[in-house]
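Colleague: I am new to this one and would like a short tour. Could we go through it together?

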Amino acid sequence: MDTPSRAVAETPARTSPRSGVTGWYRRFTRTERILHALLMLTFVGCALSGLPLLEADRPWAPVLARMLGGFQTAGLIHRVCAAVMIGVFVTHVGTLTMRGLRKRSVLALVWGPESMVPQPQDVVDIYHNFKWFLGRGPRPVFDRWTYWEKFDYWAVFWGMFIIGGSGLLLWFPFFFGKLLPGWMFNIASLVHGEEALLAVGFIFTIHFFNGHLRPEKFPMDTAVFTGRMPAEELVHERARLYDRLQATRTLAREEAPAPTLESRAFGWVVGGTALALGVVTILLILYSAISS
């Protein structure tokens with residue numbers, strides 16, 4: 001647990017020049033950070049272990065497989081990471097359900113500015129963001145969640161059902177073979193590989209760019225590791241959230257101790273490693289596509 005005195009000593013409070021708001025504010029809870037870390041590690045594990053299995057005829061596949069301990073070990077790593085990932089997904093859904101029951105307000109989970117469910121405002125944000133891209137309007141501001149963050153969030157649900165479901169069929173063929181026709185396994189094999197390549201390509205390019213490589217975040221945004229965002233991000237990038245917290249007089253509740261050097265260093269090491277492995281994975285995919 002970070003203590004305010006230690007954190008402030010190690011990381012000076014950052015000040016927003018526009019409003020004079022200083023300090024750091026809550027971005028992610030501890031549970032959300034742990035689940036994201038597990039999801040990130042298992043995704044990278046599934047990508048690296050699954051790629052030599054999917055592209056076994058490529059000259060680099062045996063090399064990568066040997067680095068993982070052989071094709072059999074790569075398959076074991078793939079299944080272990082997949083099992084943990086499914087556990088993370090079930091835990092997250094269970095946490096959301098319990099939160100809704102505890103607050104007796106399931107509606108808050110699916111509607112409003114705190115919800116990850118797409119809202120009409122997200123369509124407006126997309127319109128204004130593209131106007132800004134084309135130099136036809138000012139840069140838009142957002143609430144707690146942006147439309148691209150919601151897209152990334154729901155992409156996990158899609159991937160769990162499509163990639164995870166097809167993977168379970170291939171993992172337990174004797175069990176599902178009693179329930180499904182044989183041609184379903186051919187489709188599952190095709191869907192699992194192609195959707196996995198799509199997911200890997202998206203996460204290691206678009207998601208990494210939005211989360212870390214944008215000019216205002218480059219070279220890395222450590223908020224998902226520390227759980228905190230500086231005042232200038234709250235005021236300038238998520239001004240609607242700032243205005244809403246001000247209007248409801250709940251801004252003080254969102255204040256958090258500044259992240260320690262250790263927590264930020266952890267984010268740099270783990271995030272940087274994931275980014276490097278992601279780049280290697282993308283290069284292997286591109287090489288396979290070009291040389292096929």
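Predicted model: local features only at pLDDT ≥ 70, side-chain atom pairs only at ≥ 80, totals over all residues.

Colleague: Where does Trp145 lie, and which part does its pair with Phe28 tie it to?

Modeller: Trp145 is in the loop between helix H6 (120-133) and helix H7 (147-171), whereas Phe28 is in the loop between strand S1 (24-26) and H2, so the pair ties together parts that are 117 residues apart in sequence.

Colleague: How many aromatic pairs are there in the whole structure?

Modeller: A search of the whole structure gives 17 aromatic pairs. In the one formed by Phe28 and Trp145, the ring centres are 6.0 Å apart and the planes are at 40°, so this pair counts as tilted.

Colleague: Which residues do ring pairs link into a cluster?

Modeller: The cluster consists of Phe89, Tyr153, Trp154, Phe157 and Phe161, linked by ring pairs.

Colleague: Let us step back. How many helices and strands does the protein chain have?

Modeller: There are 13 helices and three strands in the protein chain. Its C-alpha trace spans about 60 × 45 × 40 Å along the principal axes. Of the 292 residues in the protein chain, 40% are buried.

Colleague: And what share of the contacts with a separation of 6 or more comes from residues 24 or more positions apart?

Modeller: That share is 72% in the protein chain.

Colleague: Now the cysteines. How many disulfides does the structure hold?

Modeller: The structure holds zero disulfides. For Cys46, the nearest cysteine sulfur is that of Cys81, 5.0 Å away.

Colleague: Is Cys46 buried or exposed?

Modeller: Cys46 is buried, with a relative accessible area of 15%. Cys81 is buried as well, with a value of 13%.

Colleague: Which residues does His78 touch, leaving out those up to four places away in sequence?

Modeller: With that exclusion, His78 touches Cys46, Ser49, Gly50 and His192. His78 belongs to helix H4 (residues 71-103) and is buried, with a relative accessible area of 19%.

Colleague: Which helix gives the most to the nonpolar patch?

Modeller: H4 gives the most, with three residues. Helix H2 (30-54) and H4 each contribute at least two residues to the patch. Val84, for example, is found in helix H4 and counts as partly exposed, at 33% relative accessibility.

Colleague: One last item: what is the phi of Arg249?

Modeller: Arg249 has a positive phi of about 55°, although this residue is not a glycine. Arg249 is located in the loop between helix H12 (239-247) and strand S3 (255-256).

Colleague: Is Arg249 buried or exposed?

Modeller: Arg249 counts as exposed, because its relative accessibility is 79% and the cut-off for exposed is over 50%.

Notes:
Residues numbered from 1 in each chain as written. Heavy atoms only, no water. Helix = DSSP H or I, 4+ residues; strand = E, 2+ residues; numbered from the N terminus. Buried < 20%, exposed > 50% of the residue type's maximum accessible area, 1.4 Å probe, protein only. Contact = heavy atoms within 4.5 Å. Disulfide = S-S within 2.5 Å. Phe/Tyr/Trp six-rings, centres within 6.5 Å; stacked < 30°, edge-to-face > 60°.
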